[in-house]
Amino acid sequence: MEALNHLQSFVLSAELGSFSAAARRLGLTPAAVSKNVARLEASLGLRLFQRSTRRLTLTEGGERFLQQIGGALSTLREAIAGVAEEGGQPAGILKISMAPSFGRSYVVPLLGDFIARYPGVIPDCHFDNRQVDLIGEGFDVAIGGGIELTPGVVARELGHAHIVATASPAFMQGKAMPVHPSDLAQFDGVTRRSAGSGRLRSWILRDGSGGEGVAECRPRAIFDDPEAMAQAAILGVGVALLPMPHALAHLRSGALVRLLPGWHADSGPLSVYYPSKKLLPAKTRVFVDFLLEQFRQRDFAAQIRPD
């Protein structure tokens, strides 16, 4: 196993471009990774990296060695992960990325049952309002929408997200209800800033008969989190264009009312993402299967349909 650790340190350092990045993935210190690589170089009698204070560069021999062992090491790691179980049960740390408000509302409530069913698996939950690099950052699973399907990543859909216009009853008191998306320009709005571009989001709402219109309010407050937007709308700050998963509970309770019934924007699928591997670790496989089962039992996809 010591030799395997040396090889892992080398391959990750080469792929990520630094000992520090490799150390974060492996849970080691940069000094430990550097030492592992040095020991590998000593055992091979070959310098693998040109080192400087600014960058880490593979030598010609290092490039050749990486090509020779990269695929084989990945297969070996997957094989070890596949059998690393306690008493035949899935085990290990499961690194999960999820959108903060969606994760808190829909995923965290399921974790108790998952842990009871698979006590050897420890969910390591990261709440990210951004698109993570599933493979590059070492996540086993990501849950949410808008994650790019890069080579080596699989997506299983949980439901389709739609954007609807909402406001609190108190905010709408004494105001004429909008009948077309363009009418929203007359209202103060709780707007959302795109995490990727930094721009304010606007939506084109469509109805079932081919009509469409741009939905833009006068910005009264700006957020980067849909659950915070929902809370601000409940407090009467303005109209909020919300994903149905975040609007649903508040619409059911009456804290928010739906504006422009029949109009919505499609914001794409909500999915569970995981690396495509021939030998998917058991901890990942059972979590994905569990999540799909639970969302299906709760009829999540039907609940968040906008009409």
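Here are a few notes on helix packing, aromatic rings and charges over rings in this predicted model.

1. Some ground rules. This is a predicted model, where local features need pLDDT of at least 70 and side-chain atom pairs count only at pLDDT 80 or more, while totals for chains, interfaces and linings use all residues. Residues are numbered from 1 along each chain as its sequence is written, and side-chain values use heavy atoms, with hydrogens and water left out.

2. Have a look at helix α2 (residues 19-26) and helix α3 (residues 30-44): their axes are 8 Å apart and the packing angle is about 105°. That makes α2 and α3 roughly perpendicular (the label for 65 to 115 degrees). On the α2 side the contact (heavy atoms within 4.5 Å) involves Phe19, Ser20, Ala22, Ala23 and Leu26, and α3 brings Pro30, Val33, Ser34 and Val37.

3. Now the rings. The whole structure holds 12 aromatic pairs (Phe, Tyr or Trp rings, using the six-membered ring of Trp, with centres within 6.5 Å). One of them, Phe19 with Phe49, is edge-to-face, at 5.9 Å between centres and 90° between planes (edge-to-face means over 60 degrees). Phe19 belongs to helix α2 and Phe49 to strand β1 (residues 49-51), so the pair ties together parts 30 residues apart in sequence.

4. Phe19 and Phe49 are both buried (under 20% relative accessible area, 1.4 Å probe, protein chains only). Ring pairs also join Phe10, Phe19, Phe49 and Phe65 into a cluster.

5. Finally, charges over rings (NZ of Lys or CZ of Arg within 6 Å of the ring centre and within 35 degrees of the ring normal). Lys95 lies over the face of Phe139, 4.5 Å from the ring centre. The charged end of Lys175 sits over the Phe171 ring, 4.2 Å from its centre.

Technical notes:
Axes fitted to C-alpha atoms, helices over the stretch in contact; angles between N-to-C directions. Helix = DSSP H or I, 4+ residues; strand = E, 2+ residues; numbered from the N terminus. Parallel < 35°, antiparallel > 145°, perpendicular 65-115°, else oblique. Phe/Tyr/Trp six-rings, centres within 6.5 Å; stacked < 30°, edge-to-face > 60°. Buried < 20%, exposed > 50% of the residue type's maximum accessible area, 1.4 Å probe, protein only.
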